[in-house]
Amino acid sequence: MRPRSSLAFALKSGFSARWEVTPGLVSYEDGLARMERETLAIARGEAPELVWLLEHPPLYTAGTSAKDSDLVAPGRFPVHKTGRGGQYTYHGPGQRVAYVMLDLRKRGQDVRAFVAGLESWLITTLAAFNVTGERREDRVGVWVRRPEKGPDIEDKIAAIGIRVRQGVTFHGISLNVEPDLSHFTGIVPCGVKDHGVTSLVDLGLPITMEDADIALNKAYRDIFG
């Protein structure tokens with residue numbers, strides 16, 4: 001595990017990001033358009049950094065490394081090609097998406113530290129619910145062990161995919177609170193075939209989206225300032 005203290009030192013700054021939660025479902029097109037506008041404004045120094053929490057209607061997104069063969073059910077939900085890194089992922093109701101627009105020019109220009117910070121953010125959030133989230137060097141995202149399913153079984157509970165433009169990050173993370181897990185079967189999530197997907201509710205925890213948002217906010221302040 002990467003040292004927590006060095007990550008916090010690299011990522012914290014004296015600048016305060018806006019924290020916004022949008023109720024209801026936001027179309028992917030609207031979400032992407034706003035990210036484009038906000039990223040440009042932040043890069044120009046016309047707006048403060050932004051962390052935007054929302055939910056999308058059911059859809060699949062294809063990152064820059066997506067393989068056509070990993071789209072198992074191409075007609076099931078809309079598919080959006082996106083400039084973020086990674087492969088196919090699912091977004092839908094019950095999943096908390098956080099679009100993170102931070103100015104790395106003010107935070108040391110360290111993209112690796114930023115991605116590690118996103119991992120730490122999710123792991124710290126999960127720890128608030130006594131869930132042990134873990135990194136894997138060969139797989140992106142955050143994973144939980146499922147010994148009740150068998151030895152060496154792990155499920156993905158959170159995804160990460162980012163892009164950086166003019167020194168400002170966008171896209172971000174998604175945390176499975178209570179999505180319909182059957183919706184993930186239309187893709188090979190992030191290209192990983194040997195492991196499954198889970199959520200906080202699937203783990204037996206009666207967590208609401210509001211509960212998750214409170215934990216995300218506290219953990220964000222601990223990691224990013």
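The model is predicted.

Helix 3 contains 17 residues and extends 24 Å from its first C-alpha to its last, which is close to the 24 Å expected at 1.5 Å a residue. An α-helix has 3.6 residues a turn, so residues three or four places apart point the same way. Helix 3 is mostly covered, with 12 of its 17 residues buried. Among these buried residues are A113, F114, G117, L118, W121 and L122.

Ring pairs link F114 and W121 with W19, Y220 and F224. In general, a pair of aromatic rings is described by the distance of the centres and the angle of the planes. The count for the model comes to 11 aromatic pairs.

Aromatic rings also take part in arrangements with charged side chains. The charged end of R34 sits over the ring of W52, at 4.7 Å from the centre of that ring. Likewise, R139 lies over the face of W143, 4.5 Å from the ring centre.

Strand 8 comprises residues 139-145 and is mostly covered, 5 of its 7 residues being buried. On one side of the sequence, a hairpin through 2 residues joins strand 7 to strand 8. Strands 7 and 8 run antiparallel and are joined by 2 bridges. Within this pairing, R136 stands opposite R139. Strand 8 also pairs with strand 9, residues 154-165, in the antiparallel sense over 4 bridges. Here V144 stands opposite D155.

The backbone angle phi is considered next. Most residues other than glycine have a negative phi, and most peptide bonds are trans. N130 has a positive phi, near 60°, although it is not glycine. H171, also a residue other than glycine, has a positive phi near 65°.

Where are these two residues placed? N130 is in the loop between helix 3 (111-127) and strand 7 (134-136). H171, by contrast, is found in strand 10, which covers residues 168-176.

Is each of them buried or exposed? N130 has a relative accessible area of 73%, and because this is over 50%, N130 is exposed. H171 has a relative accessible area of 3%; this is under 20%, and therefore H171 is buried.

Leaving aside neighbours within four places in sequence, H171 is in contact with several residues, including Y28, L32, M35, R84, Y99, V100 and I162. T82 is also one of its contacts, and a polar contact of 3.2 Å joins the side chains of T82 and H171. The C-alpha atoms of H171 and L50 are separated by 11 Å, while the two residues are 121 residues apart along the chain.

Definitions and conventions:
Residues are numbered from 1 along each chain as its sequence is written. This is a predicted model: local features need pLDDT of at least 70, side-chain atom pairs count only at pLDDT 80 or more; totals for chains, interfaces and linings use all residues. Side-chain values use heavy atoms; hydrogens and water are left out. Buried means under 20% relative accessible area, exposed over 50%, partly exposed in between (1.4 Å probe, protein chains only). Contact means heavy atoms within 4.5 Å. A polar contact is a pair of N or O atoms within 3.5 Å; within protein, one must be able to donate a hydrogen and the other to accept it, and residues adjacent in sequence count only if both atoms are side-chain atoms. The expected span of a helix is 1.5 Å times one less than its number of residues. Rings of Phe, Tyr and Trp (its six-membered ring) pair if their centres lie within 6.5 Å; planes under 30 degrees apart count as stacked, over 60 as edge-to-face and the rest as tilted. A charge sits over a ring if NZ of Lys or CZ of Arg is within 6 Å of the ring centre and within 35 degrees of the ring normal. Two strands pair if DSSP finds at least two bridges between them.
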